[in-house]
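Me: I have a protein model open and I'd like to go through it slowly. Can you help me find my way around?

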Amino acid sequence: MVLVHARALLASTTVQGVTTYVPADYHDPETILAEAARTLDFGQPIAVMFMGVLGYEPDLEVVRSIVGRTMDATASGSHLVLWDGTNTSPEVVSGAQRLAENGGVPYILRSLEDLAGCFAGLAMVEPGLVPIPLWRPDEADARGIDAYGAVARKP
């Protein structure tokens, strides 16, 4: 269903640029990179975004490998944007356990240190690794949640 919508809505060329999709799994970054190179110029800085999806991979070293292999293919000046659920509150951890026990797909909540390790070798943009609503809040009274993210630049 997603691919049908992607084919209908995302494959286009306009004066603003080109939009496409890559039907692949993030466990295979080489395929994603090869397909993306058909549209993107990897000699120029690009943004790589992992938005709340890496918790579906239970092995932290696999996560770091996926992120690292992807960023290794990008030019200096590229950015990594990454956020994920965290184990920063007992309530969220308990909810994730209940979800998995009731047949939901397990989602691994990581520590802040685990997430920070995904940015190894990159320069974090201020304010760094923070709850995602607090990264650049629109409202003065924005509150944090148990999902942290950051943006980092490749030197």
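Me: In what order do the elements run from the N terminus on?

Reply: This is a predicted model, and from the N terminus on its elements run α-β-β-α-β-α-β-α-α-β-β-β. Altogether the secondary structure comes to five helices and seven strands.

Me: And what box do the C-alpha atoms fill?

Reply: Taken along the principal axes, the C-alpha atoms of the protein fill a box of roughly 45 × 35 × 35 Å. Of the 155 residues in the protein, buried ones make up 32%.

Me: Let's pick strand 4, then. Is it mostly covered or mostly open?

Reply: Strand 4, which spans residues 79–85, is mostly covered, since five of its seven residues are buried.

Me: Which strands does strand 4 pair with, and in what sense?

Reply: Strand 4 pairs in the parallel sense with strand 3 (residues 47–51), over five bridges, and in the antiparallel sense with strand 7 (residues 147–153), over seven bridges. To find these pairings on your screen, you could look for Phe 50, which stands opposite Leu 82 in strand 4, and for Trp 83, whose bridge partner in strand 7 is Gly 149. Another pair to look for is Asp 84, which stands opposite Tyr 148 in strand 7.

Me: What else pairs with strand 7?

Reply: Strand 5 (residues 123–124) is joined to strand 7 by two bridges and runs antiparallel to it, with Ala 123 having Arg 153 as its bridge partner. Strand 6 (residues 130–131) is also joined to strand 7 by two bridges, again in the antiparallel sense, and there Pro 131 stands opposite Tyr 148. Strand 7 is itself mostly covered, with six of its seven residues buried.

Me: Back to strands 3 and 4: what unit do they make with helix 3?

Reply: Strand 3, helix 3 (residues 60–72) and strand 4 make a right-handed β-α-β unit.

Me: How far does helix 3 reach from end to end?

Reply: Helix 3 has 13 residues and reaches 18 Å from its first C-alpha to its last, which is close to the 18 Å expected at 1.5 Å a residue.

Me: Which of its residues are buried?

Reply: In helix 3 the buried residues are Leu 60, Val 63, Ile 66, Val 67, Thr 70 and Met 71. They lie on the same side of helix 3, because the arc they cover around the axis is only 125°.

Me: Which residue caps the N-terminal end of helix 3?

Reply: Asp 59 caps that end of helix 3, with a side-chain oxygen that lies 2.8 Å from the backbone nitrogen of Glu 61.

Me: Why does Thr 70 count as buried?

Reply: Thr 70 has a relative accessible area of 9%, and it counts as buried because the cut-off is under 20%. If we leave out residues up to four places away in sequence, Thr 70 touches Pro 29, Leu 33, Val 48 and Phe 50.

Me: New topic: where is Gly 52, and is it buried or exposed?

Reply: Gly 52 is found in the loop between strand 3 and helix 3, and at 15% relative accessibility this glycine counts as buried. Leaving aside neighbours within four places in sequence, Gly 52 is in contact with Trp 83, Asp 84 and Tyr 107.

Me: How far is Gly 52 from Tyr 148?

Reply: Gly 52 and Tyr 148 are 96 residues apart in sequence, while in space they are 9.3 Å apart, C-alpha to C-alpha. For the protein as a whole, among contacts between residues at least 6 apart in sequence, 63% join residues at least 24 apart.

Me: Last one: what follows helix 4?

Reply: Helix 4 (residues 90–101) has 12 residues and reaches 16 Å from its first C-alpha to its last, close to the 16 Å expected at 1.5 Å a residue. Helix 4 is followed by Gly 103, whose phi is positive, near 95°.

Methods. Residues are numbered from 1 along each chain as its sequence is written. This is a predicted model: local features need pLDDT of at least 70, side-chain atom pairs count only at pLDDT 80 or more; totals for chains, interfaces and linings use all residues. Side-chain values use heavy atoms; hydrogens and water are left out. Buried means under 20% relative accessible area, exposed over 50%, partly exposed in between (1.4 Å probe, protein chains only). Helices (H or I, at least four residues) and strands (E, at least two) are DSSP runs, numbered from the N terminus. Two strands pair if DSSP finds at least two bridges between them. A crossover is right-handed if, with the strands pointing away from the viewer, the path from the first strand over the helix to the second runs clockwise. The expected span of a helix is 1.5 Å times one less than its number of residues. The arc is that of the directions from the helix axis to the C-beta atoms. A polar contact is a pair of N or O atoms within 3.5 Å; within protein, one must be able to donate a hydrogen and the other to accept it, and residues adjacent in sequence count only if both atoms are side-chain atoms. Contact means heavy atoms within 4.5 Å.
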